[in-house]
Structures are given as C-alpha cells and as structure tokens.
Amino acid sequence: MKTVFLETYGCQMNVADSELMAGVLERAGMALVDRPEDADAVILNTCAIREHAEQRVLGRLGDFARLKAANPELVVGVAGCMAQHLRAKLLEKRRVLDLVVGPDGYRRLPELLRRAAAAPVADVRLDRDETYGDLEPRRERGVRAWITVQRGCDKFCTYCVVPFTRGRERSLPLADLVRQVERAAAGGCREIVFLGQTVNSWRHGDDDFADLLRAANEVDGVLRLRFTSPHPSDMTDRVVAAMAECGKVMPHVHLPLQSASDRVLEAMNRTYTLDGYRDVVRRLRAAVPGIALSTDLIAGFPGETEEDHRRTVDYMREVRWDSAFLFKYSARPDTKAFRWPETVSEDEKGRRLTELIELQHALSGEIHDALVGTEEEVLVEGRGRRDDGQLYGKSRTFRTVVFGDDGSAPGTLRRVRIVGATPVTLIGESVDAPRPEPLVTIGG
Ligand code: 5AD
Ligand code: SF4
C-alpha cells in the first residue's frame, strides 16, 4: 500500500479532515496521488447533510467500481459522515467497498488500509475524546488555513444528521490551537479560519471562544482571523467584545438562522426565537460597524406553512443579509424530524426555495451596487481560474473582489477601488499598485 487518492465532498470541516488524513498517510510513508488510476487505494471523504450529497457520492462509487473491475487489487474506502450508512455495503455480494472509516478513525487509517487489502474493514466507532489535537495536517499551501477547533455537535437540531455522524462536541486545547496558528503563519498563511460545527461554543478548561480569538490575534504573521459557523445562542457578549477589540478578526459573521418563524424554530430545536436572533444581529452591528452577515435557511421543513415562509421572506428584507445559503429540507435518517410526515410537497419546497433565492439575489445586488465607488482592503489570493489577467481575493467582509493583475503577490493586502458589481462579485482597480522599478534615464 503505497499510493492513495483522496477525494473530498461536503463542508470545509471535511476539507480540513482530508488534510488531517493526508498528514497521517504521509507520515506512514504513503504518497497522495492526483489520479485514482495511479493509486493502490482510493478514499472518498463523504457528506451526509442532505440526500443530494449522498447521491453524488454513490454515483462516484460507481466510477470506482469500474476501476476496481479493471484492477481487483484496488482498495476502495469511504470516510466521513456517510460511513455509518455505508457500513452494510461491506457485506454486499458484489462488493465495491473494502473500507469504511468514520470521522473518529483517521488516526488508524494506514493500518486500516493495509487490513482492507486482505478483507473488508469497518471502523465507525465514535470516540468522545478524539480531537486529533496532536496530529499535524498536511495543509494545502495557500493564503488561507482552516483550523478545526472543535469536532462534533451537541445541539441536535431536529433536521440535522451531524450529531449522529460526527458525535459529541469536543474542543481542542487552546495551546494546541495557538501552535497550529503559529505553524500556519510560519508556513506563509495570512488568514486563519477557525472551524467548528458551533464554533463559538468552543470551550476548553477555563478558556472560552473569546479567549481563543484574543490568543490568535496575538500571533505574528497572521493578518486576518475568521470563524465558521457560530450558533446564535452561543454569541455571548464576551465573544462580541473580542470580535470588536481584536484588530485581526474580520467584520463578517456567517450566522445561520434556518427559519424566521418561531414555530418552526421551536420544532427545529434551534433554542432561540426570531427576537433572540434580532438581538444578536443588533449587538454585532453595534459593536462591529460595517459588519457583513450571511446565513443559512431551510425551505419546506415539516409543518412549515405559507405564513411561516412569509415570515422568512419578510425578515430577509428586514435584516438584509449580505449573502445566504438556501436549502430545500431533506429528511435525514436518525434525526427526529425524519419521523415526522413531510407536509410540504417537493414542488412547493422548490417554489419557496426559488422565492428565497431570487430575493437574496436582488438584496445582494443592491448591497453590492451601493459599494461601487468605495475602497476595499483585499487580501490577494491569486489569479482567477479563467486566467484573464485578473487577480482575486477577499475583502475584509469576505466579499470576492477581482481586479486587474498589477503584480501583487498572493498574501499581500491591496487597497482596491470598487468600479463594478454583480450580486456575487465586486470588480475593482487597485489604487496602491506595487511601484514598478524606477526608470533609469540615460543622458540628459
Ligand atoms: N435539510 C436541509 N438543509 C439542511 N442543513 C442541515 N441539515 C439539513 C437538512 N436535513 C443545512 C442547514 C445548515 C447547513 C450546513 O445545512 O441550513 O446550517
Ligand atoms: Fe447540525 Fe444544528 Fe449542530 Fe449545526 S448546530 S451541526 S445544524 S445539529
């Protein structure tokens, strides 16, 4: 077992977990390869948050089944949130899968792969102590580093499979995290994003999330700090104050609301009311002027009436999020809501979702149009994918900004004047382009 092809589905947490797996495999003497055809083993790091995500993974397993037909030695593994669900597939007669490993089994990955080459293996135990705090991930070299500060979730929202796939909430120690931030900065990362399912409930010993932000703010070389996703109920005054007082913590928060109807919020077990959310927004906007806010909303939760939906639409106009991730409700096995009858038809879910998407598009467009003529500080990430002579990066408020390539290196900060906008991107020109070498004039 020498070469492994690793493919990642789902959220940033999974991307970070893949970096962790890559570190474990490389330390065991295995090499990561870019093509499944070149690998002794392929691993899919999977997502189970909505049915659609699972279907994509199952489709991809079909590709690997064909590869395995041509090369019966190939070990096919599945990691991550679908592990529990796919366990039964190890026993199928015309078996494709050799290995199923859950989110708490990555430390044992090299050994599991070797065993799977001989006979099918499952390791889906959840371990309420595993944080991987001592393991160094193999980070993609880039401007931004994602650092997992907390694993699992204790909130048990009634629609959500995460507490079942990832287990109980655990936080990594402050000292381990500060060391990870220092290493990332020493490796050239300029922006750190703390990751956790309810990241602002991070707590270790006497330290809370406000302490973590303050400690990271002191690390040299780091220019910007972000975190995702906080839970509205854990947005304490201490956290808000730390955001306001730490110069490196950027003025943007992704704050999932899910629904603006108190009835639906209650059925979702979100633990706050719309007024509670309004209060968090008010405190954030008062403490951090110009803060950008984004959210997640679910359309068509069981029992959601047209009136509930209208409340969400009305609140969108009131709060004016900068952007939003909008989802159709998807019933997930194991969750409480899975047992409840779905009262909103697929068509109706689609209609509600489309209404939310169109409204958010219009609002984001208005907010972006109003930024034309202003200046933004952009952390340069690199050349655009289309390679059309444009650089791109993020503003302090996490808006994507593209501007003409002026030779700025990734990881540098530029002042950019905004000259155009779409609902998803700002278009600018740099106003402090790096100075060209002075012209040498000869004679006179
Ligand atoms: N159906 C639809 N959306 C869901 N999310 C989580 N579970 C479900 C589900 N069963 C959404 C929530 C969450 C985001 C990560 O995914 O909005 O904030
Ligand atoms: Fe899922 Fe709710 Fe936990 Fe978020 S807070 S991961 S939606 S259970």
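Cys246 is buried, with a relative accessible area of 4%. I start with this residue in the predicted model and then turn to the other cysteine that I wish to discuss. The sulfur of Cys246 lies 20 Å from the closest cysteine sulfur, that of Cys189, and because of this distance the two are too far apart for a bond. Across the whole structure, the search for disulfides returns 0. Cys189 is likewise in no disulfide, and its nearest cysteine sulfur, in Cys11, is 19 Å away. With a relative accessibility of 5%, Cys189 also counts as buried.

Let me move to ligand 2. Which residues are around ligand 2? There are cysteines at Cys153, Cys157 and Cys160, together with Lys155, Phe156, Tyr159, Val162 and Pro163.

The largest cavity has a volume of about 130 Å³. Of the 15 residues in its lining, those closest to the centre are Ala16, Leu20, Pro137, Thr148 and Gln180. Which elements each supply at least two residues of this lining? They are helix 1, residues 12-27, and strand 7, residues 144-148. Helix 1 gives the most, with 4 residues. The lining of this cavity divides into 8 nonpolar, 3 polar and 4 charged residues.

Among the open sites, I would draw attention to the second largest pocket, which has a volume of about 390 Å³. Its lining includes Arg383, Gly384, Arg385, Arg386 and Asp388. Gln390, Leu391, Tyr392, Thr400, Val402, Thr425 and Ile427 also line the pocket. Two or more lining residues come from each of strand 18 (390-395), strand 19 (400-404) and strand 21 (425-430). Strand 18 has the largest share, with 3 residues. As for composition, the pocket lining has 4 nonpolar, 4 polar and 4 charged residues.

Trp202 sits in the loop between strand 10 (191-195) and strand 11 (203-204). Is Trp202 buried or exposed? At 1% relative accessibility, against a limit of 20% for burial, Trp202 counts as buried. Leaving aside neighbours within four places in sequence, Trp202 is in contact with residues on both sides of it in the numbering. Among them are Val149, Gln150, Ser171, Leu172, Pro173, Leu174 and Leu177, and also Asp207, Asp208, Phe209 and Leu212. Trp202 and Asp234 are 32 residues apart in sequence, and their C-alpha atoms are 9.2 Å apart.

Pro251 is placed in the loop between helix 8 (237-245) and strand 14 (252-254). Its relative accessibility is 11%, so Pro251 counts as buried. How far are the C-alpha atoms of Pro251 and Arg396 separated? The separation is 6.3 Å, although these residues are 145 apart along the chain. Arg396 is also one of the residues in contact with Pro251 once neighbours within four places in sequence are set aside.

Ser364 belongs to helix 12, residues 346-369. This serine is buried, with a relative accessible area of 5%. Not counting residues up to four places away in sequence, Ser364 touches Asp322, Ser323 and Pro423.

Finally, I turn to backbone geometry. The peptide bond from Thr228 to Ser229 is cis, with omega near -10 degrees. Ser229 lies in the loop between strand 13 (224-228) and helix 8.

Where is Tyr132 found? Tyr132 is in the loop between strand 6 (121-123) and strand 7. Its phi is near 60 degrees, a positive value in a residue other than glycine. Tyr132 is buried, with a relative accessible area of 2%.

Asp334, again not a glycine, has a positive phi of about 85 degrees. Asp334 is found in the loop between strand 16 (323-328) and helix 12. With a relative accessible area of 46%, Asp334 is partly exposed, whereas Tyr132 is buried.

Technical notes: Residues numbered from 1 in each chain as written. Chains lettered and ligands numbered in written order. Predicted model: local features only at pLDDT ≥ 70, side-chain atom pairs only at ≥ 80, totals over all residues. Heavy atoms only, no water. Disulfide = S-S within 2.5 Å. Buried < 20%, exposed > 50% of the residue type's maximum accessible area, 1.4 Å probe, protein only. Near = heavy atom within 4 Å. Contact = heavy atoms within 4.5 Å. 1 Å grid on protein atoms, 1.4 Å probe; cavity = no way out; pocket = protein on both sides within 12 Å on 5 of 7 lines; lining within 4 Å. Points joined across faces, edges and corners; volume = space filled by probe spheres on them. Nonpolar A, V, L, I, M, F, W, Y, C, P; charged D, E, K, R; others polar.
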